[in-house]
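Please open the model in a viewer and keep the sequence panel at hand.

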Amino acid sequence: MDCGGEEQARQNGHAGDGGDPAEWKKVAELRAVVEAQDPAAKEEDDFMLRRFLRARDNSINKASTMFLKYLTWKRAAKPHGSITEAEVRGELVQDKLYVQGFDKTGRPMIYLFGNRHFAAKRDLEEFKRYVIYILDNTCTKLPAGQEKFASVVDLKGWGYANCDIRAKLAALEIMQNYYPERLGRVFLIHVPYVFMAAWKMVYPFIDDNTKKKFVFVADKDLDGTLRDAIDLSQLPEQYGGKLRLEGYKSSSTTL
């Protein structure tokens, strides 16, 4: 499923959205610009256009450039409309990432375990497809009125074998350029000192708005931080909650 499509069902007007009428007017202006240059823009909903507009500080010129690049990318990255399970099974079977539960604001949660990713074992093109697959599947879990997801990145046991700058930059490019305004917050936990060298290499490539969404959590603050953000029923057992993370099952939508 495409990441814009989850809102199509409620796209008949913006009633009840609570958005700024002036902002929706700009969205309409943006739509006129992009549809004139690429008819495929007609398939995308106004909420998606609004996210691109917000990502470019409401500049129609910058947002239209960004959005048209997205449409070109989408045709190449998802020629059949979506990424299938079979195309990313090599990544799925590693059970390094789980899309389960919600935070207290209703954002779907992604739990990622960094010590289960090995640079020497990954194929970069499959990894890119995997990022798209995960983002699109996360979008299917968004409740009405919610456009963002949140994440906990657990780096316990992370070492040099797990360091993969190329993969990090690839994921960052996809998320920032083609899924703007989707990321709500990322908690980085159990962060080893060695990770900071890799972080310093990636940090310059993160845009200013996204940088604010990464939160490094000290071990002494871990319980309080997670419980403030996530109800116990939605918090994984690993962190003192009641949610059991379920590994990959073939032909299942549960990750």
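**First stop: a loop residue**

Select Asp45, which counts as buried because its relative accessibility is 2% (buried means under 20% relative accessible area, exposed over 50%, and partly exposed in between, with a 1.4 Å probe and protein chains only). Asp45 lies in the loop between H1 and H2 (helices are DSSP runs of H or I of at least four residues, strands are runs of E of at least two, and both are numbered from the N terminus).

The model is predicted, so local features need pLDDT of at least 70 and side-chain atom pairs count only at pLDDT 80 or more, whereas totals for chains, interfaces and linings use all residues. Residues are numbered from 1 along each chain as its sequence is written, and side-chain values use heavy atoms, with hydrogens and water left out.

**Second stop: helix H2**

Select residues 46-55, helix H2. Of its 10 residues, 9 are buried, so H2 is largely enclosed by the rest of the structure. Among the buried residues are Asp46, Arg50 and Arg51. The cover over the buried residues of H2 includes helix H1 (21-37), H3 and helix H6 (165-178).

Display the side chains of Met48, Leu49, Phe52, Leu53 and Ala55 on H2 and of Ile60, Ala63, Met66, Phe67 and Tyr70 on H3, which make the contact (heavy atoms within 4.5 Å).

Centre on Phe67, which touches Val34, Ala41, Glu44, Met48, Leu49 and Phe52, residues up to four places away in sequence not being counted.

Where is Val191 found? Val191 is in the loop between strand S4 (183-189) and helix H7 (195-202). At 27% relative accessibility, Val191 counts as partly exposed. Select Leu155 too: the C-alpha atoms of Val191 and Leu155 are separated by 5.3 Å, although the residues are 36 apart along the chain.

Technical notes. Axes are lines fitted to C-alpha atoms, for helices over the stretch in contact, and angles run from 0 to 180 degrees between N-to-C directions.
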